[in-house]
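Open the model in your viewer and keep the selection tool ready. We will go stop by stop.

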Amino acid sequence: MLVVACRRVPLQPLGCASGILGPNVRQHAGHAARGRQGQERMVDIVLWLLDKLVKWLGLDERIPAYFDGLKKPRGGSRAGGLSARHRERINGLLGHLAVLHGPYVEEPALRILPRHPLGAGARELADRRREQLRNVAPNDPHALVVNAVMWADDPPSFHLRPIDYAELCALRALPEDGHPPRVLSANALVVCAETRSILLHRRAETSATYPSCLHTIGGGYWPPGIDGREGDGQHIRHTAVREVYEETRAAILIKDATPKVILEELSTGFVQVAFLGCAIDAEGRRHIQHNAEGSVVWLGFDELEERLVHDPDWVPTAKAAVLAWLAMAAPAAGKSPRFGKKRPEELFEAVMGRAAAPVEHA
């Protein structure tokens, strides 16, 4: 057996210059700190190069959740490719008609409150409206946004009071604060990469807001519990999926990674959660139908620039949603999509340089 005898040496405080280990430890700690800083810089450089490579190869469309995680900066989150500058420019185009918020990683958090109370005058109007709707049109449930929303939060939170359509009509006729009631809704920008087109909806001439105008497909959130209906539950994406199916018979899937923005339509009061880039294939496209609320419109990628620039009949929030989708590199449009000869970001710049402000039709 080999026995090694060692002399016990008392350890001195690291800060003591006369200690046996002090200077060596301090020198080693300095080298370690510099090494960590160099490693962090190298990681940042590698992630930046990966980001550029991913976009060049078009891989960010195929594995968005993974690369969205890589692109999150320290101390915060970033959704999609819509920058603050993009948002400012889109809002400048919208003017007084609407406001774009986001993008968001998470869906809004929904808090359902008791049913909205009406004053005597509004109750009387609502009762008359229900009689008019009886056996003519459905009196669908809706939800009013009643809190001051913190738009910088991700997710933002909506406090909701359920009402029915007759009550909503009464509140629009007798606004409580001089502004139209804020109504939560959701819509989806549906994209078919195989046919290089996006799905829009031309609203019916009888629509209460923006008749005969182009819009993304969607509608009002159905809060649970009204008239025993289950409604759309606690997830606003259920509203978008339901509305797309009701209006077109197309079944779409909205994933967690689907980019989300929120648009306030100031003249109508609608607060729209927009899901940008919901994929549908050519087979699903063949089953799409029109309905009484409007007609289906497919816009090809190559005609999109001229329609965005020259058509005066866009619902402002629909144009804003398409522009935000382009600024995000057109999710669900396929690998390296082209619009004419332009990349999505190039088309965004071209349209923003030429587009006239939306016209108010509501």
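## Stop 1: a strand and its partners

Select Val261 and Ala274: Val261 stands opposite Ala274 in E10. This is a predicted model, in which local features need pLDDT of at least 70, side-chain atom pairs count only at pLDDT 80 or more, and totals for chains, interfaces and linings use all residues. Residues are numbered from 1 along each chain as its sequence is written, and side-chain values use heavy atoms, with hydrogens and water left out.

Now show strand E9, residues 260-265. E9 and E10 pair in the antiparallel sense over 5 bridges. Two strands count as paired if DSSP finds at least two bridges between them. Helices (H or I, at least four residues) and strands (E, at least two) are DSSP runs, numbered from the N terminus.

Follow the chain from E9 to E10. The two form a hairpin, with 4 residues between them. Click Gly269 in the turn: its phi is positive, about 90 degrees.

E5 and E10 run parallel, joined by 9 bridges. Val183 stands opposite Phe270 in E10.

Is strand E10 buried or exposed? Of its 10 residues (270-279), 9 are buried, so the strand is largely enclosed by the rest of the structure. Buried means under 20% relative accessible area, exposed over 50%, and partly exposed in between (1.4 Å probe, protein chains only).

## Stop 2: the cores

Select Ile90, Ile198, Leu276, Leu304, Val322 and Trp325. Of the 44 residues in the largest nonpolar core, these touch the most other members. Helix H9 (residues 316-327) gives the most to this core, with 9 residues. A nonpolar core is a set of buried Ala, Val, Leu, Ile, Met, Phe, Trp, Tyr and Cys residues joined through side-chain atoms within 4.5 Å.

Another core, of 31 residues, lies apart from the largest one. Leu160, Ala186, Val244 and Val271 are among its members.

## Stop 3: salt bridges

How many salt bridges does a search of the whole structure find? The search finds 23. Each is a side-chain nitrogen of Lys or Arg within 4 Å of a carboxyl oxygen of Asp or Glu.

Select Asp302 and Arg196. They form a salt bridge, with the closest N and O atoms 2.9 Å apart. The pair links distant parts of the chain, 106 residues apart. Asp302 is in the loop between strand E11 (294-300) and helix H8 (304-310). Arg196 is in the loop between strand E5 (183-192) and strand E6 (197-203). Asp302 is partly exposed at 49% relative accessible area, and Arg196 is partly exposed at 32%.

Move to Arg307. Its side chain meets Glu303 in a salt bridge (3.3 Å, N to O). Arg307 also meets Asp311 in one (2.3 Å, N to O).

Then pick Arg115, Asp127, Arg130, Asp164 and Glu167. A network of salt bridges links them.

## Stop 4: helix H4

Select Glu131, in helix H4 (residues 120-133). Glu131 is partly exposed, at 49% relative accessibility.
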